[in-house]
Amino acid sequence: MSQKTRLAALRVQHGVLVLQTLLWPDEVRPSATFSDIGQANAPTSLEIEMAQALVASMSGEFNPADFSDEYQIELKKLLVSVAEGGRAIAAPKSAEPDREVEDLVAALQRSFEKVIQPD
């Protein structure tokens, strides 16, 4: 939600405030867009094996301490900077270079091959 202006409705539901995000008109697609969903091909056995291997390779115990909210950390730094000096600090440049979007099926295939035949 931090990357884009959002349209939302604030409602009271069962005595609790609920923020419901809404779509802008240009984000709503006509239902005709989805008319061919039921006509998709069934997955092949290889695709199912690849999906199972991917899920297995990414499964594990969830530890919330392993994750941090980078947005909140940077926001606090900005607020402290403004409170102390009266001016905002420049946003840091991304450490990661822009990567091109790759073919998902090809990436899954490589991942599957690593699980089946490790180096």
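The model is predicted, and the mean pLDDT of the chain is 80, with 80% of its residues reaching 70 or more. The chain holds three helices and two strands, and its 119 residues include a buried share of 4%.

**Order of the elements**

- Read from the N terminus on, the elements of the chain follow the order β-β-α-α-α, and the two strands are β1, covering residues 7-13, and β2, covering residues 16-22.

**Contacts and surface of the chain**

- When contacts between residues at least 6 apart in sequence are considered, 28% of them join residues that are at least 24 apart.
- The chain has an accessible surface of about 11200 Å², and carbon and sulfur atoms account for 57% of that surface.

**The nonpolar patch on the strands**

- Leu-10, Val-12, Leu-17 and Leu-19 together make a nonpolar surface patch of about 460 Å², to which strands β1 and β2 each supply at least two residues.
- One of the patch residues is Leu-10, which lies in strand β1.
- Leu-10 counts as exposed because its relative accessibility is 62%, and the cut-off for that term is a relative accessible area over 50%.

Note on methods. Residues numbered from 1 in each chain as written. Predicted model: local features only at pLDDT ≥ 70, side-chain atom pairs only at ≥ 80, totals over all residues. Heavy atoms only, no water. Patch = residues over 30% accessible without salt bridge, like charges linked within 9 Å, V, L, I, M, F, W, Y side chains within 5 Å. Areas by Shrake-Rupley, 256 points an atom, 1.4 Å probe, with all protein chains shown as cover. Salt bridge = Lys/Arg side-chain N within 4 Å of Asp/Glu carboxyl O. Helix = DSSP H or I, 4+ residues; strand = E, 2+ residues; numbered from the N terminus. Buried < 20%, exposed > 50% of the residue type's maximum accessible area, 1.4 Å probe, protein only. pLDDT = per-residue confidence, 0-100. Contact = heavy atoms within 4.5 Å.
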